[in-house]
Amino acid sequence: MKQEGYTYVLEIGGSDLVSIGSSEEHGFLVNHLNALDPQHRRWYVGAHQQSANYWVNVDGSQLANMENAFLPVMEPYGKDFLAYNFSVEKMHWGFQPVRGDEPLLFICEANIRAIQRLVSDDRTYTYGIEVSNPEQIPRGPYFIKQPVDVTFDTSKRNLYNDVSLSCLAGGYPTPTYEWFRENYENDRLVARIINPLNESRYTISGGMLIIHDPRQKKDHATYHCKATNKFGTIISASVQLNFGFILEFVLKRSPEAGDQNWGKAVYCDPPNHFPAVRYSWSRDYFPNFVEEDKRVFVSFDGALYFSALETIDKANYSCSVQSEFSDSGRNGPFFPLMVNPHFINNLNFQITSPKPSLMHLLLEKNPVPSYNWTRKGAALPRTAKLSSYNRVLTIPHVQVEDQGEYICRAYNDRASTQHSLILNIQAEPNFTIPLVDKHVDSQGELVWTCEAFGIPDVNYTWWKNGRQLVMGYLDPEDHDRIRIQDNVLTIMNLNQERDPGMYQCRASNTLKTRYSSAQLRVLAFKPTFKKRPLESETYAAEQGEVVIKCNPEAAPKPRFVWKKDGNVIGSGGHRRILENGNLIIKSISRDDEGLYTCTASNELGMDESRGRLIVLRGPRLIENLNPRIVTTVGRFFDLRCDAETEEMLDIAYTWTHNGMKIRDIDVKNSNNRLRIDGGYLSIINATFTDSGEYECIVKSAVGKISSKSVVVIEGPPGPPGGVQVTIQRSSVTLTWTDGATHGSQINSYTISGRTNWNQTWVNVSHGVFATEIDRYTGKKEAIIENILTPWSVYEFRVAAWNSWGMGPSSAPSPRHSTPPDRPYIAPYNIGGGGGKIGDLTITWSPLKSEEQNGPGIYYKIFWKLKDQEAEFQTLYLKKFGNTGMAVVSIDKDNYYTEYIVKVQAINDIGPGPISHEVTVYSAEDMPHVAPQLVVARSYNSTALNVSWVPIDQTREKIRGKLIGHRIKYWKKNGQEEESVYYLSRSTKPWALIVGLQPDTYYFVKAMAYNSAGEGPESERFLERTFRKAPQKPPSSVHVYGINPSTVKVVWRYVQPSLEEEPLKGYKIRVWEFDQDISTANDTIKPFGGKLEAYVDNLSPGKSYRMRVLAYSNGGDGRMSSPEVKFRMGPLSYYRSASEQSKPFTIIIALACLFNFLLTT
């Protein structure tokens, strides 16, 4: 504990238990504990409890705002001191009150000057010596490669009969090696050197030990090597030489038997082996391996488990083993597994843990169970993996915090059961603080610390040059100088003759032994500046600060004297000489220029070094930043600063925003929104995040200077915060706190809301004015009347307005519900009609969820005969819920009769308003009359035109609304049952039926139909279709120009066959070049006369396509092919022709015609 009168005065220095003043310091310590203490030990801190829950640090400050850092404590009384402890349940570090008398570790803090005395300098192996070749730096041995455990495969002795162990060490001079075999003699582990001269089976080459014809009885042991040069000796870790083998299976095995639907475990009974093996099972023959599934499982101990035996499991089985370190293996004998009929009536549960990080279980039960792993009091480790249908839990790279109680639960649809095991973690020693080489002054003091983590706890021993240091066996002159306390070695009054050498800290527990090695050099020589002279020229800025380093090599530490221009200067004023010899000059002026000399001396001699200090002017700003810039969001602004400095110096510009440096990556990621060019910074499309303080920093080699500017971005307000809601039936009261005003006062608000029925935000009120209800917090309140609907869950947002517009909305408020009420609106879109005769169908649009106002929505319908009944008939539709249709039965004589209907919505609270009255028709009956005087006339070769006398559309005849007619037709030589129907949705008294065969007789009948169906059929009528249309196209089609808008077309005659109708004429089909043929115009040429026709009304200068076809009563024939393409000549050709004399008119006209044909 802290001594009386102790103080943290800076001039005195010192150390004490750590004081924790903030959550940041707590987080800093926790991060270091996570990194440095995987064993999770307890650590004292400096806080103690003065009164209940009032903790004070040793520096007098209060341990405040740390309630969440305390761990639960069962018995707090008498525990007034504080320690860090790791909670396995919460998986983090925290404070735990303790009594204060427990032997725990502790965390200290010290004055910075005291710490500087503990920090070693930058001495290396070259310190104090001159080395010309960097590969020949004198140093003691150090291991590059440690030996590892080796297993000799005895089954491969015929292929190779040697085994080798190797270690490799560095150092100069090159180390030599010795190997030792460790055996127990009289219950004591003794290491005997291996001498190849005495045993020809051994060969040592470099750091490699080769054993020829290894023998298990003699060579099965642990080994280590020693590496030695003139600076000392180090010992390697001990390794094991093992002999791997697998003996033979017993060749005969008794049959196994089990009951059907019961679990069964068949054990492998493997032969003796080393090291571990992998197991597999074969069925009937090798290698027909047993495949694992939810019912069958091969465990890691080799057993074959069946959750429930089935008859298909009856077979011969064999167990095989395969070595994990080689390809050696053995196959066991096949034996039968018999399955006896049986029914299960109980459970059997097995769980095994062959490895501490690998656990599996099997439940014998039918139906086949499922599996689930948990850890008591904590979640499974993050790295944990489940496999084999969750039977196997694997934890790779297991950590100390993974230990605990693991529970496996097996279950099916009939029962469940569970079993648990405790997982304890052990760890080989691993150095968390290894030894480091030391280069210490003669007569100085050495404190060497090593630390290793291991479970069980680690024991430490210290070794020098391969021999253990034991306090009771030290030389008499070392008894008072050397002190060993667990993992700390202290040597006082270091002796240059006795103490240098190779030291090792050995950490060991029951699992492993490891060494950490380092070299100790004890130095004594006079100061020298050969390697580290003063800088020949040092530059400094006026009014700045400079450090002139004086760092000679010396042992012991030298004394320093500084001179300026030959005159000794002391430490005082604006100059200060540090303990390490460096000279610090502050507030530099031109008078400080000159030649400086540092003299270093100790009892072995002295040396000095000189350097010149040159004072330069630092950078100066010739253009400062504008102290304040005001702009608006989305606009552009720029900042500019400019500086000058000495010609021999370079300057660099650095920009910061709110204290954070603007990096090149920030500029790159700004999408060209931010640009920096030396002392020029510009931002386009400014956002609110761009506001704040900007600093332009100008640096040179001798100083820096800066200029600052505050940028204010004005714009719409920021989002309000802390929106709270109070519901009063149909009104709402909202409270909130304004966000940033962004340079303009807030003048109004927009309230938006949404319900559980509709996730879309809707503005419910604009231009809302709020009242300030708390002038300290600025909280605002607004009441919105008559906007809420009953039985809804509301949440609201608030957006503020200022002169720049509306800002972003706030985060949604907490959700609040409104009470239910009766419906406020009547059903709408009332209609009806349809159905079967005797039905009155009434339809409406059901109320939406947000319109129902309460639970239990249903409807009541009203109906009566129009102009015949005075009172409405009614029907409640409660069992149908939120339906949109109802059908009521009426007298069948009231077919297609007008009814007046209306609908009312009702919920559990009460009825809503009744809708307006709507007239609807009842269901129709089928027509009772057939079309009369049905006549069919041939339309073309594939169509008939059927007509009849129009039907009188009265209620008594049509019995509804006439929709259209249905035409029934069939071939004369066919059966009426093979009829085809054509539906004409038209009330016109004719219809065209198509898709018929040419020159064929058809019977036709007609029927009227309405929504109830079709009426009776008419009398049948027989008619023949025309013969085929012309099957051949016109040929030799030619076009001749007549004038700018007329052409003459000629073609050859088309001769119809006996199967075709006689020709009625020809059609010349012409359409514009860039249009579809559907836009074509036909010019009709009746049959008879010349085979030519004139096509007029064409446009001069346009291009056309043309085809010619013949037609008859059978329809249009095939068109000529290919299509003829032509272009009309310009009008100027014909105008110029009319201006010439008559004798040449024919010639010119022919020339124009020739020109026209050339353009075709």
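A disulfide is a pair of cysteine sulfur atoms within 2.5 Å, and five of them are found in the structure above. The model is a predicted one, in which local features need pLDDT of at least 70 and side-chain atom pairs count only at pLDDT 80 or more, while totals for chains, interfaces and linings use all residues. Residues are numbered from 1 along each chain as its sequence is written, and side-chain values use heavy atoms, with hydrogens and water left out.

We can begin with Cys-167 and Cys-225, whose sulfur atoms lie 2.2 Å apart in a disulfide. The torsion about their S-S bond is about 130°, and therefore this disulfide is right-handed. Because Cys-167 sits in the loop between strand 10 (162–166) and strand 11 (168–172), whereas Cys-225 belongs to strand 16 (residues 222–229), the pair ties together parts that are 58 residues apart in sequence. Strands here are DSSP runs of E with at least two residues, and helices are runs of H or I with at least four, both numbered from the N terminus. Cys-167 and Cys-225 are buried, where buried means under 20% relative accessible area, exposed means over 50%, and partly exposed lies in between (1.4 Å probe, protein chains only).

Another disulfide joins Cys-550 to Cys-598, with an S to S distance of 1.9 Å, and with -75° about the S-S bond this link is left-handed. Since Cys-550 lies in the loop between strand 48 (546–548) and strand 49 (553–555) and Cys-598 in strand 54 (residues 594–602), parts that are 48 residues apart in sequence are tied together by the pair. Cys-550 counts as buried because its relative accessibility is 0%.

When the bonded cysteines of the protein are numbered in sequence order, the pairing reads 1-2, 3-4, 5-6, 7-8, 9-10. Cys-108, by contrast, is in no disulfide, and the nearest cysteine sulfur, that of Cys-450, is 19 Å away. With a relative accessible area of 43%, Cys-108 is partly exposed.

Three strands form an open sheet in the order 31-34-35, with antiparallel pairing, where two strands pair if DSSP finds at least two bridges between them. Strand 31 (370–375) and strand 35 (416–423) are the edge strands, each pairing on one side only. Strand 31 and strand 34 (residues 404–411) run antiparallel and are joined by six bridges, and Thr-374 stands opposite Ile-407 in strand 34.
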